[in-house]
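Work through the following exercises with the sequence and the 3D structure open. Try each task before reading its solution.

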Amino acid sequence: MAELLVLASASPARAAMLDAAGVAHEVVPAAIDEDALTAALQAEGADARNVADALAEAKAVKVSARLPGRLVLGADTAGQVEGGGWLGKPGTREGLVAQLRLLRGRGHRLVSAAVLARDGAALWRHAAVARLLVRHFSDAWLDAHVAAVPEAVLGSVGGYHVEGLGVQLFDRIEGDVWTVKGLPLLPLLAQLRALGVMAA
């Protein structure tokens with residue numbers, strides 16, 4: 001019987017991607033202070049790749065230390081606006097309006113990192129980058145968009161779901177949809193096959 005992967009993330013999107021790809025897993029969220037760790041890394045000058053990787057590792061290592069012998073996946077996404085500034089999770093519809101106004105007509109990068117750990121030690125890591133160019137939209141369109149999107153987008157970095165209404169925000173996306181949704185899925189699947197967790 002294949003090993004059951006542990007997902008150290010409460011993200012429904014990541015769980016759904018694993019489900020759709022046929023990766024048997026259970027969810028055990030890591031209780032880490034993501035905001036404090038992110039703020040500390042940013043204060044040290046870390047870029048989006050370093051932030052996403054450090055958070056993914058912290059989640060994977062913490063949960064794997066509690067579950068001896070189990071293979072644990074930690075993942076995280078960080079975003080930076082071209083020209084300066086970090087993307088966060090809007091939290092409220094007012095915050096979403098402010099963030100989308102900031103992004104209007106500008107490019108930003110999302111980095112989605114994944115780390116596999118066992119017994120409190122990282123075994124493998126990968127980070128993938130997507131670049132997204134937000135179109136110029138009217139204030140009236142923005143107000144209607146923010147009123148129409150589901151509550152779940154407020155907890156997503158950037159404040160959109162490209163698999164839903166969020167796709168209307170963009171002129172161009174460079175990179176794969178899994179990276180934008182929060183997981184470098186193809187490299188992860190290749191590593192799970194290499195480890196024998198999935199059939200090759």
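The model is predicted: local features need pLDDT of at least 70, side-chain atom pairs count only at pLDDT 80 or more, and totals for chains, interfaces and linings use all residues. Residues are numbered from 1 along each chain as its sequence is written, and side-chain values use heavy atoms, with hydrogens and water left out.

**Exercise 1.** Classify phenylalanine 137 and tryptophan 141 by accessibility, then classify their ring pair.

Step 1. Buried means under 20% relative accessible area, exposed over 50%, and partly exposed in between (1.4 Å probe, protein chains only). Phenylalanine 137 has 6% relative accessibility, so it counts as buried. Tryptophan 141 has 21%, and therefore counts as partly exposed.

Step 2. Rings of Phe, Tyr and Trp (its six-membered ring) pair if their centres lie within 6.5 Å; planes under 30 degrees apart count as stacked, over 60 as edge-to-face and the rest as tilted. By this rule there are two aromatic pairs. In the pair of phenylalanine 137 and tryptophan 141, the centres are 5.3 Å apart and the planes make 40°, a tilted arrangement.

**Exercise 2.** Classify the pair of tyrosine 160 and phenylalanine 170.

Step 1. The ring centres of tyrosine 160 and phenylalanine 170 are 4.9 Å apart and the planes stand at 80°, so the pair is edge-to-face.

Step 2. Tyrosine 160 and phenylalanine 170 are both buried.

**Exercise 3.** Which ring does the charged end of arginine 135 sit over?

Step 1. The test requires NZ of Lys or CZ of Arg within 6 Å of the ring centre and within 35 degrees of the ring normal.

Step 2. The charged end of arginine 135 sits over the ring of tryptophan 141, 4.4 Å from the ring's centre.
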